[in-house]
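Subject: Structure handover

Hello,

Here is the structure you will be taking over. Please open it alongside this note.

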Amino acid sequence: MDAGGLYEPVSPHWFYCKIIDSKEAWIPFNSEDSQQLEEAYGSGKDCNGRVVPTDGGRYDVHLGERMRYAVYWDELASEVRRCTWFYKGDKDNKYVPYSESFSQVLEETYMLAVTLDEWKKKLESPNREIIILHNPKLMVHYQPVAGSDEWGSTPTEQGRPRTVKRGVENISVDIHCVNDFRSVSLNLLQTHFKKAQENQQIGRVEFLPVNWHSPLHSTGVDVDLQRITLPSINRLRHFTNDTILDVFFYNSPTYCQTIVDTVASEMNRIYTLFLQRNPDFKGGVSIAGHSLGSLILFDILTNQKDSLGDIDSKKDFPNIFMAQGDTRTLEEDLKKLQLSEFFSIFEKEKVDKEALALCTDKDLQEMGIPLGPRKKILNYFRTRKNSMGINRPTPPSASGANMSNIPKEAEFCSRTGDTGNDDYLDVGIGQVSIKYPRLIYKPEIFFAFGSPIGMFLTVRGLKRIDPNYKFPTCKGFFNIYHPFDPVAYRIEPMVVPDVEFEPMLIPHHKGRKRMHLELREGLTRMSMDLKNNLLGSLRMAWKSFTRAPSPALQASETAEETEAEPESSSERPSDVNTEETSVAAKEEVPPINVGMLNGGQRIDYVLQEKPIESFNEYLFALQSHLCYWESEDTVLLVLKEIYQTQGIFLDQPLHQLAKLMYLGRSSVMNGGEEAHEHSEEQM
């Protein structure tokens, strides 16, 4: 009986199964979720119909079915298992749990062996595999011998055995995916927002994906593409069909509306479902888009109304694009312009308001419209477009004269290559004509990762973004990119095209520049100093060489040099230090006005490349386009800006961690330096 006291029941842990590369992988729930599942299991109530939310409410576990279902998106259901016994082969890197029924048999056998101190217990699994319990620390699992005869001979212990383990001790069960954006954010909360967490000032940030790719490719287009796809280089062609062609779909009238409708409806559905499951949620919502997804979000945000509760937005935006709520008819518009006599011409040509907005001066001339009315009509419809500052009212001049009728927007938005003032643009130029759905909430911030927005706007014909333009319903906009990302483009040069300046450098999450970047800048500075010193020495030597040696001229030279000395003394250091001064000026970047697209803050933010990436930027180009989801620097910037909306800061601002940087380097990070936190859970 004394030996019976050595037995202690095993502590179970809950796992779920995912199919990765056509293989089963058993992944542990985190400790909190596993404990909730165990409490529900051991409550004594009927498990059938019992649902336990896990993973922050993103998945529901139906306890009776032992199945795990995604809440916010479509995903194959995965098996759930209450695990106590595991095995692992030599070539396996993770333990695999036995079934619950066989684990119970193993536990009972183990209990008898410990209680009676009788080992060498041999069991046969349902798969005719042999498990032998030699002692508490040595338990092995033999697979069936291949080629057993048809008479069903008894399995024997042959081949290399697998290791058998009881319980989850020494098995990592806390973080199941180290590269996950969500997991990275949880780790950064512990290291950079610890005080706010301890004071319960903030909740975690929840990240919910919006799936639009699958609905697009479920329309049957993939089958059509497969019929015309060449058989060579299969993997590359599959990648092209699966990803790159989405860009062409988005510019297709057939599929663009489908994409936009799918994205907006999913965003609204997820938001509504989240509020239903979290009725006490009072936080804000920010959105992020990667690659083409960022362009889709940009177009959706650009075409939102400025008020969710009040459709009448004429107080702030008197000139609203027709697709955004303009209810006047063409006849009424012409009457307002005192041009009613031309309505019959447009009616005869079947020209409605939308068609008239697309007409050029030449089109109107061919319809027989005189020059004066043509100019009135073109000016009227162009100033009604609510895109990229087109709809912004022009402030009155200092003299008090009414200049509101003069289309000043031509200074900010013009088609590439235009020389006159006839052609103005909105963001929709070059984009197919569709109806943009309305979001049921106002995003706080829009983050664009590896975004081609700048390129698409340029290709559509937009040359400059009005500095006064901002999204109707979104206050913030951050364009985040890796320096080697082949898909990413900048935004700020479209706002300030006449000034060359660098993007904001995203600080390393440990608070300083990467060492190889500091070394590179140090070497650059050192070579500049050597160059300046050499130039100064050459100038002095040349001056000494060209000076006349005749004693008769020394007196007059001395007088001339004395008079010229103030000028030369002021010029000499200027000549020597011209490049050095320019370098310092370039480092100490003065505040730059990049408009209101991000509330007056900088828009373009560039990541620091890793040391290995700097060896060959072409080799890491494609990888850099996918780096954002596992980048601590990206996640920290997102968290910092989200929590900043609630006025809560990092435990220690990154600029204080970077005091050892070279002079002027901290100026690169002004405006994005101090991190803030959020007092509520974010979506």
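**Ground rules**

This is a predicted model, so local features need pLDDT of at least 70, side-chain atom pairs count only at pLDDT 80 or more, and totals for chains, interfaces and linings use all residues. Residues are numbered from 1 along each chain as its sequence is written, and side-chain values use heavy atoms, with hydrogens and water left out.

Helices (H or I, at least four residues) and strands (E, at least two) are DSSP runs, numbered from the N terminus. Two strands pair if DSSP finds at least two bridges between them. Buried means under 20% relative accessible area, exposed over 50%, and partly exposed in between (1.4 Å probe, protein chains only). Contact means heavy atoms within 4.5 Å.

Axes are lines fitted to C-alpha atoms, for helices over the stretch in contact; angles run from 0 to 180 degrees between N-to-C directions.

Strand 3 covers residues 51–54. V52 and T54 make up its covered face; V51 and P53 make up the uncovered one. Four bridges tie strand 3 to strand 4 (residues 59–62), and the two run antiparallel. V51 has H62 as its bridge partner in strand 4.

Four residues lie between the strands of this hairpin. D55 is not a glycine, yet has a positive phi of about 55°. D55 is also buried, at a relative accessible area of 7%.

Further along the sheet, strand 5 (residues 67–70) and strand 6 (residues 78–83) run antiparallel, joined by two bridges. R68 stands opposite S78 in strand 6.

Five strands form another open sheet, in the order 13-14-15-17-16, with parallel pairing. Its edges are strand 13 and strand 16 (504–505), each pairing on one side only. Strand 13 and strand 14 run parallel and share four bridges. G289 stands opposite A448 in strand 14.

Helix 9 packs on this sheet. Helix 9 touches strand 13, strand 14 and strand 15 (476–481), and its direction makes about 135° with that of strand 13.

S291 sits in the loop between strand 13 (287–290) and helix 9 (292–302). S291 has a positive phi of about 60° although it is not a glycine. S291 is buried, with a relative accessible area of 17%.

**Helix 7 against helix 8**

How do the axes of helix 7 and helix 8 cross? Helix 7 (residues 234–250) and helix 8 (residues 253–277) have axes that come within 7 Å and cross at roughly 105°. That makes helix 7 roughly perpendicular to helix 8 (under 35 degrees counts as roughly parallel, over 145 as roughly antiparallel, 65 to 115 as roughly perpendicular, the rest as oblique). Helix 7 contributes D246, F249 and Y250 to the contact; helix 8 contributes Y255, C256, I259 and V260.

**The cores**

A nonpolar core is a set of buried Ala, Val, Leu, Ile, Met, Phe, Trp, Tyr and Cys residues joined through side-chain atoms within 4.5 Å. The largest has 48 residues. Y250, F446, I453, F471 and F477 have the most contacts inside it. Elements that each supply at least two residues of this core include helix 6 (221–228), strand 14 (445–449) and helix 15 (453–459). Helix 8 gives the largest share, eight residues.

A second, separate core of 33 residues includes L188, I480, Y481 and L637.

**F501**

Which loop holds F501? F501 is in the one between helix 16 and strand 16. F501 is buried, with a relative accessible area of 11%. F501 and I592 are 91 residues apart in sequence, but 8.6 Å apart in space, C-alpha to C-alpha. Leaving aside neighbours within four places in sequence, F501 is in contact with R490, E492, V496, I592, V594 and R602.
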